Structure formats: C-alpha cells, structure tokens
2 protein chains.
Amino acid sequence: MAGALRKTSKTGAANAITADLVAVLVAVTDGEPKIMTIANDGALPSGPFEFTHRSLQMGLRAWVEAQTGHPLGYVEQLYTFADRGRAGDTKSPHSISISYLGLTREDKVGQGFEAHWSGWYEYFPWEDRRAGLPASLAKTLASRLRAWAKSAATTALQRERWQRATITFGLDERDWNEELVLQRYELLYEAGLIPEAVRDGADATAVIPGRQMIGDHRRILATGIARLRAKIKYRPVVFELMPAEFTLLQLQRSVEALAGRLVHKQNFRRLIEQQQLVEETGAIAADTVGRPAKLFRFRHAVLAERAIAGTKLPLSRT
Amino acid sequence: MAGALRKTSKTGAANAITADLVAVLVAVTDGEPKIMTIANDGALPSGPFEFTHRSLQMGLRAWVEAQTGHPLGYVEQLYTFADRGRAGDTKSPHSISISYLGLTREDKVGQGFEAHWSGWYEYFPWEDRRAGLPASLAKTLASRLRAWAKSAATTALQRERWQRATITFGLDERDWNEELVLQRYELLYEAGLIPEAVRDGADATAVIPGRQMIGDHRRILATGIARLRAKIKYRPVVFELMPAEFTLLQLQRSVEALAGRLVHKQNFRRLIEQQQLVEETGAIAADTVGRPAKLFRFRHAVLAERAIAGTKLPLSRT
DNA sequence: TGGCTTATACTTATCCTGAGCATAATCGAT
DNA sequence: ATCGATTATGCTCAGGATAAGTATAAGCCA
C-alpha cells in the first residue's frame with residue numbers, strides 16, 4: 001500500500017544528510033585537455049547543495065560560478081557516491097557527493113578567484129599515450145604492477161591480479177583501451193601506488209607520478225575523463241570544446257588530446273565529412289605552416305536532426 | 001586553499017536533506033521483462049538512506065530485501081535527481097532520489113510481502129514493438145502527437161515539436177530507436193499525454209494507455225529500461241537475467257523482450273557464438289516443439305578475460 | 001628552386017552486417 | 001510411412017564500414 005510506503009519514507013530528520021555538488025569542468029586549449037581546479041589545484045570546484053538551490057544542476061552552476069567566475073554551459077551528471085574518506089572507517093557516511101561533467105572553452109578566469117585551468121594529464125600521466133607511454137612511467141609502471149600481483153597470497157590470486165593489470169593497462173600484447181580510466185585508477189589505488197591510498201592507510205612503499213587531490217576528487221576526475229572519452233565516440237560533444245571556427249586538424253588534435261591516443265588523419269576527415277558534422281565557413285586558416293587549411297564550423301542543425309543519434313570517431317579498439 | 005574549501009563545505013545541518021534509494025529491479029520470464037513493484041504495483045521498491053547503512057548500495061539492498069524478500073545481485077547506479085513533484089512548485093527540494101538498476105531472475109517473492117513482478121510494458125505499452133505498434137496505440141499516438149505539435153504558438157515551434165516527435169517515435173519513415181525510452185516518456189509528459197503530467201497541472205485532455213506510478217517512479221523506470229537496452233549491446237549483462245542453462249532461442253527471446261524489437265535469428269546466433277560468450281552444456285532442451293535445441297551456459301570466464309571489453313548484439317539502428 | 005610541412009584525394013584489402021536460402025531434426029496427425 | 005508444422009543450424013552473398021597506405025596539391029622558407 002502507498003500508506004505503508006509513505007510511512008517508511010518519512011523517517012525524516014533523523015536521517016538527514018548533506019549533499020555536495022562537484023564539477024569536472026573541461027576545456028581543451030592548444031591540444032591539451034584542461035580541468036578547472038581550486039584550492040591550489042588540489043580540488044575540483046564544489047559546494048553543498050543548499051535550500052536556496054532550485055535544482056541540483058542550478059546548485060552546481062551557482063557554486064562553479066562563485067568559485068571560478070566561469071558560467072557553466074553543457075552539463076551532465078556523472079555519479080553519486082557516499083563520501084567517507086574511502087578507506088573504511090566503520091562509521092556511516094553522513095554526506096554524499098553528486099558529481100557532474102561540464103564542457104566549455106577556456107576563458108580568462110575572473111580576477112579574485114582562486115580557480116585555475118590545470119592540464120588533466122598532470123593528474124593522470126599514464127593516461128596520455130599520444131607519444132607512447134611517458135618516459136617517467138615506462139620502467140616503473142609495469143614492474144610495480146607485477147610486484148603488486150606477486151605479493152598476493154595465493155597463486156590463483158596472483159594470476160587474477162596480473163590479469164586485471166594486463167587488461168586495464170594493455171600490457172602483454174593486449175591493446176590499450178582508453179576508456180578504462182577509472183578502472184586503472186582504482187587498480188593503482190588498490191595496489192597502493194598513489195598517494196591517496198597511502199594516506200588512507202596503506203603503507204607508503206612506492207608511488208607513481210601524478211598530482212593528487214583532496215578526498216575523492218581524483219577519482220571523480222577519472223570518472224569524468226572516462227565518460228568523456230566514451231561519449232565523444234557517439235555524440236557530437238567535442239564541438240562544445242572547440243572555438244566557433246576550426247580546421248579539421250585542430251578538431252583532430254582535440255579528439256586525440258581527450259582520447260590520449262592518435263588517430264589516422266585521412267580516415268578521421270572522411271568520417272567527419274561523411275557524417276556532415278561540419279560545414280566550410282569559406283575562410284582559410286591564417287598563419288599556419290604548410291598548406292593552408294579550410295576553416296569549418298559545427299553544423300548545429302545536426303543536434304536537431306539526430307537529437308540523440310550518432311557520431312562516429314575512429315577510436316574503436318582494434 | 002583547502003581551508004577555504006572546507007569552510008564552504010561545512011554549512012552542515014542548515015542544509016540537511018534526506019536521500020531516497022530507489023530500485024529498478026528487472027527479471028525476464030517467458031520472454032517478458034518484469035519489474036519488481038510494491039504499493040499495489042504503483043511504486044518501485046525504495047526507502048530513505050539511513051545512518052545504519054554503510055554505503056548507498058548497502059542501503060538499497062537492505063530496503064529491497066525488506067520490502068520484497070528478494071536479495072539483490074547485479075546492481076548499478078542509474079541517476080540522482082532532486083524530487084519535488086516534477087511540476088515546478090517554487091520551493092526547493094529537500095529530498096533527492098538516488099536510483100539503481102538491479103538484474104535478477106524471477107523468484108517466488110517471500111510471503112507477507114506486498115511486492116509483485118509486473119510486466120514492464122504495462123507501464124510503457126508503446127515501447128514494445130516486437131509485433132509492431134500495439135493496436136491500442138496504432139491510431140491515437142501519432143495523431144495526438146501531431147495535435148500537440150500543432151498547438152504550439154509559432155510555426156517554427158510547431159515544426160520543432162513535430163521533428164522531436166518523429167525522431168523519438170520513429171514516425172515519417174524514420175526508424176525506431178529503442179534506446180530513446182526516457183526521451184519518449186519526457187515528450188509524452190510534455191505533451192500532457194500521460195496521467196502524471198495531468199496530475200501535475202496540465203489539463204486532462206486525452207491520455208495515452210499505460211499504467212502510472214507514484215511520483216517520479218515511472219520516469220526512473222524509463223531511465224532503467226533505457227540504460228539496460230543500451231547496455232545489453234556492449235556488455236554481457238543479459239546473462240544476469242537468464243537461468244543457468246538456456247537455448248539460443250531463449251536467449252534471443254530475452255534480448256528481444258528487453259529491446260522491444262525482433263532480431264535476425266541466424267545473425268544473432270552467429271554473433272553469440274563467434275564471441276564465445278557461451279558454451280554447450282552437452283544437454284539438449286526437453287519438451288520442446290520442433291527440432292530440439294542444444295543447451296548452453298554462459299562462459300563466466302569472459303568476465304575475467306575481457307573485464308570491461310565488449311559484447312555485440314545485432315541491435316544497431318539501420 | 002628544392003625541401004619541409006600540412007591538406008586533401010584516392011585505393012585497397014579486410015571485416016562486419018543484414019538478409020536470405022537450404023537443410024536437419026523432431027512431433028503429431030493422417 | 002508420410003506429410004506438414006515447427007524449430008535448429010549451416011552457409012552464401014552483397015553492401016558498407018574500417019584500417020592503412022599511396023599520391024598529389026599548396027603553402028612557406030632558405
């Protein structure tokens with residue numbers, strides 16, 4: 001009966017909690033993905049959901065604008081989790097975090113704000129494979145992972161750990177799947193290879209390069225990157241990050257920056273053009289090296305035409 | 001500074017709210033998708049997140065078990081939204097709903113519980129296209145939508161509305177996209193064609209068939225269906241809904257039931273087999289009509305092998 | 001002018017997909 | 001025993017999409 005339901009639903013004030021709104025705000029400048037950070041680049045913009053907010057999104061917009069001076073455009077929800085400092089202190093969480101992904105163009109951050117644009121690969125150096133595995137990681141990463149796998153109690157567990165490592169990090173001839181950002185972070189966390197985990201109780205053996213953040217923020221960022229990498233493959237969201245006019249190479253560089261891997265140039269153009277995602281502006285890019293490129297703009301009509309349909313980018317995992 | 005951040009984050013009790021946990025619990029029986037309902041089939045299992053819960057998921061599990069006697073297996077988060085009765089009363093929401101999708105096999109619901117399995121198409125008759133558009137809707141739906149489009153103020157608006165309708169409902173030669181469950185529901189809501197909208201203030205002109213639910217529950221259900229329809233295409237989640245052993249036709253029927261559309265039999269088998277998702281048990285299905293079919297079981301190894309990789313089902317939109 | 005760089009057009013081989021044909025195995029009615 | 005209905009299973013074929021490469025065009029600069 002609805003009566004019974006109502007009753008159970010109204011435990012009310014006794015179970016009151018607070019909800020934090022957290023934003024992963026992304027831009028791409030000069031072929032580098034940036035995220036908005038505050039607190040000396042150690043935190044994502046965030047703040048509590050308050051009674052004055054008319055909705056979750058509006059609360060988020062209010063906080064981001066207050067902290068960064070930057071108004072939010074495209075926004076989508078990422079994930080909600082109970083925050084408690086991740087390692088298990090046994091008490092129950094009294095606060096939850098609701099995270100969002102926002103896309104914009106980089107702008108001057110208003111004065112008087114402590115917000116900055118930081119390169120997102122500063123937080124996840126291992127996610128940038130455009131030039132292969134970064135030198136700072138080439139030697140350490142795989143061997144640390146193998147050591148972690150070896151340290152398991154049983155051989156079955158060892159094998160299982162190593163299999164997870166090879167899959168998520170594309171080791172042993174497996175190929176790299178750029179979407180597994182969160183899985184990689186979680187695995188490194190489990191392996192005690194990142195500072196947040198050490199802080200949460202593991203022993204501080206050896207840590208992998210990469211800037212840390214407060215609380216769960218780096219994990220939220222990983223979630224945002226993963227979502228964006230997945231989404232650019234089937235929705236025309238890259239254009240939220242592009243200037244009004246751009247060359248096909250600039251577009252390609254942005255996609256590559258987000259995906260952390262390179263794509264075949266000719267095929268990229270074919271795909272973009274055959275889908276009629278863009279149209280020529282008639283203008284030609286100025287001050288460039290090499291043969292000048294045509295400028296294009298996003299055909300906003302596609303948003304109406306297909307509503308939710310599809311975009312394809314040559315980023316499947318071969 | 002982290003200090004400043006901390007301060008803003010600790011507005012504390014003044015902004016305390018309650019969080020409800022809501023479950024879309026799905027099973028497939030005899031080729032029909034079912035959802036667990038309570039309150040006389042008018043609500044999804046749900047309850048407030050309480051201090052005794054160690055995490056959001058555990059809170060959800062506790063509520064579902066208490067209300068339905070059914071333990072939860074596979075669970076994933078769906079969406080979080082501020083609940084306020086959807087139409088805008090101007091007050092701020094003091095409660096949020098965190099929704100989850102759960103997959104199981106239908107089981108006898110324990111006695112003494114008011115929970116039932118209901119067919120999900122009772123709530124969304126227009127989503128079942130396995131036998132074409134249901135007769136109860138064939139005439140009304142398109143014409144009602146057209147009327148709604150026509151009722152817009154300007155011709156530009158009219159065109160825009162009709163375009164949305166044709167895209168989401170696959171009218172005018174466009175093809176049906178089974179994933180747009182939520183968009184269709186939202187559009188019908190906007191058009192005042194479902195009871196929840198009427199209750200929320202629109203005028204009760206003509207309403208489309210389909211059982212209603214309390215609050216936002218039908219919208220949450222739409223979100224769950226959409227997610228599941230999307231997910232079966234690239235993750236082996238269908239098997240969570242299958243018995244231990246099954247024939248390929250049973251598997252196909254389950255997929256078709258979820259997707260609400262039919263698939264090409266031979267191609268379906270080709271895809272399943274070439275991906276090595278299943279293995280023969282050696283047994284043969286008993287008491288069937290026609291040539292007896294081999295029984296298969298899910299190869300649980302694939303979960304380890306690919307972790308997050310891929311499954312393909314012949315459900316792309318041509 | 002030649003060399004460097006980027007843009008853009010085409011080609012080719014392979015794989016995937018949708019659709020259909022053909023045959024096999026079972027049951028029940030005649 | 002045979003026919004018809006029903007489901008299972010194997011195979012083919014055409015078209016499209018994809019990955020990868022070759023070739024040519026159009027600028028700049030020394």
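This is a predicted model: local features need pLDDT of at least 70, side-chain atom pairs count only at pLDDT 80 or more; totals for chains, interfaces and linings use all residues.
Two packed helices are described by the angle between their axes and the distance between the axes.

H6 of chain A covers residues 181-190. On the H6(A) side, the contact is made by A:Val181, A:Leu182, A:Arg184, A:Tyr185 and A:Glu186. H8(A) contributes A:Arg218, A:Arg219, A:Ala222, A:Thr223, A:Ile225, A:Ala226 and A:Arg229. By type, the contact residues divide into 6 nonpolar, 1 polar and 5 charged.

A:Leu180 sits in the loop between helix H5 (155-169) and H6 of chain A. Is A:Leu180 buried or exposed? Its relative accessibility is 4%, so A:Leu180 counts as buried. The C-alpha atoms of A:Leu180 and A:Thr168 are separated by 6.3 Å. Along the chain, these two residues are 12 apart.

## Aromatic pairs

Over all chains, the search finds 12 aromatic pairs. One of them joins A:Tyr185 and A:Tyr189. Their ring centres are 6.3 Å apart, with 55° between the planes, and the pair is tilted. Both tyrosines belong to helix H6 of chain A. They are separated by about one helical turn because they lie 4 residues apart in that helix. A:Tyr185 and A:Tyr189 are both buried. A:Tyr185 also takes part in the contact of H6(A) with H8(A).

Chain B supplies a stacked pair, B:Phe239 and B:Phe298. The centres are 4.2 Å apart and the planes meet at 15°, so the pair is stacked.

## Charges over rings

Two arginines sit over aromatic faces. In chain A, A:Arg129 lies over the face of A:Trp176, 4.1 Å from the ring centre. In chain B, the charged end of B:Arg218 sits over the ring of B:Phe124. Here the distance to the ring centre is 5.7 Å.

## Positive phi in chain A

Most residues other than glycine have a negative phi. A:Asp30 has a positive phi, near 50°. The residue is in the loop between strand E1 (18-29) and strand E2 (32-37) of chain A. Its relative accessible area is 76%, so A:Asp30 is exposed.

A:Ala39 has a positive phi of about 50°, although it is not a glycine. Its place is the loop between E2 and strand E3 (46-48) of chain A. Is A:Ala39 buried or exposed? With 8% relative accessibility, A:Ala39 counts as buried.

## Chain A overall

Chain A holds 11 helices and 8 strands. Of its 318 residues, 51% are buried. Among contacts in chain A with a separation of 6 or more, 64% come from residues 24 or more positions apart.

Key
Residues are numbered from 1 along each chain as its sequence is written. Chains are lettered from A and ligands numbered from 1 in the order in which they are written. Side-chain values use heavy atoms; hydrogens and water are left out. Rings of Phe, Tyr and Trp (its six-membered ring) pair if their centres lie within 6.5 Å; planes under 30 degrees apart count as stacked, over 60 as edge-to-face and the rest as tilted. Helices (H or I, at least four residues) and strands (E, at least two) are DSSP runs, numbered from the N terminus. Buried means under 20% relative accessible area, exposed over 50%, partly exposed in between (1.4 Å probe, protein chains only). A charge sits over a ring if NZ of Lys or CZ of Arg is within 6 Å of the ring centre and within 35 degrees of the ring normal. Contact means heavy atoms within 4.5 Å. Ala, Val, Leu, Ile, Met, Phe, Trp, Tyr, Cys and Pro count as nonpolar, Asp, Glu, Lys and Arg as charged, and the others, Gly among them, as polar.
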